Amino acid sequence: MKFSTALGLVSLCLSPATALSIFNDKAGAALDDNDNKIPGNSPLEFCNGDHSDDLITIEKVDLSPNPPLAGKQLLIKASGTVKETINEGAYVKLTVKYGLIKLLTTKADLCEQFGNIDMKCPLEKGKQTIEKTVELPVEIPPGKYTVIADVFNADDTPITCLTATVQFNFGGAGFLGSEL
């Protein structure tokens, strides 16, 4: 799974004002109740913990289709507010799990990833809206994927922490469901 695909599944975990995800001690699974649910039509939730000091406020994230489908385009729409400038050197720690198996743990330059959504650093404070279409590969194996994203500014100040769980099924747009 490509890093950019994983980011698409998190649905803007790397987008400046809307979702930016982050990961450290607080990046465990999301709470079972809906207190951590991000408004909108997506599987995004805040990680456990206090988010009152996050550098972004996420107002809404919508995915279409929700849930995402392998081999199809995923439209991500998000809106929020950046409370403090996000500078060069900001980074994201990303973990992708397939069931209980950890597939990927990586640290990436957040400002480089902003290029994927036609934005750049420094990202100044203020209201932000993002709309991006991501092509999901047809080769995504069926199963349950959990993505945890922890995002930090260059000075290690937490930006936010998000998590999402997505189930990809056989059939439909999956590699075994495509026409021969």
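**Salt bridges and strands in a predicted model**

Hi everyone, let me start with the charges: this protein chain has 2 salt bridges, where a salt bridge is a side-chain nitrogen of Lys or Arg within 4 Å of a carboxyl oxygen of Asp or Glu. Please keep in mind that this is a predicted model, in which local features need pLDDT of at least 70 and side-chain atom pairs count only at pLDDT 80 or more, while totals for chains, interfaces and linings use all residues. Residues are numbered from 1 along each chain as its sequence is written, and side-chain values use heavy atoms, with hydrogens and water left out.

Helices (H or I, at least four residues) and strands (E, at least two) are DSSP runs, numbered from the N terminus.

How accessible are these two? Glu59 is partly exposed at a relative accessible area of 33%, and Lys127 counts as exposed at 52%. Buried means under 20% relative accessible area, exposed over 50%, and partly exposed in between, with a 1.4 Å probe and protein chains only.

The salt bridge between Lys60 and Asp62 has its closest N and O atoms 3.6 Å apart. Lys60 is partly exposed, at 41% relative accessibility.

Now let's step back to the fold. The protein chain holds 2 helices and 8 strands, and along the sequence they run α-β-β-β-β-β-α-β-β-β. There is an open sheet of 5 strands, in the order E1-E8-E7-E4-E5, with antiparallel pairing; two strands pair if DSSP finds at least two bridges between them. Its edge strands are E1 (45-46) and E5 (101-109), each pairing on one side only.

Inside that order, take E7 (residues 143-152) and E8 (residues 158-168), which pair in the antiparallel sense over 10 bridges. Which residue in E8 is the bridge partner of Thr146? That is Thr165.

Finally, some totals for the chain. Of its 180 residues, 48% are buried. Taking contacts (heavy atoms within 4.5 Å) between residues at least 6 apart in sequence, 68% join residues at least 24 apart. The chain exposes about 8700 Å², with carbon and sulfur atoms supplying 50% of it; accessible areas come from the Shrake-Rupley method with a 1.4 Å probe, and for residues only the protein chains shown count as cover.
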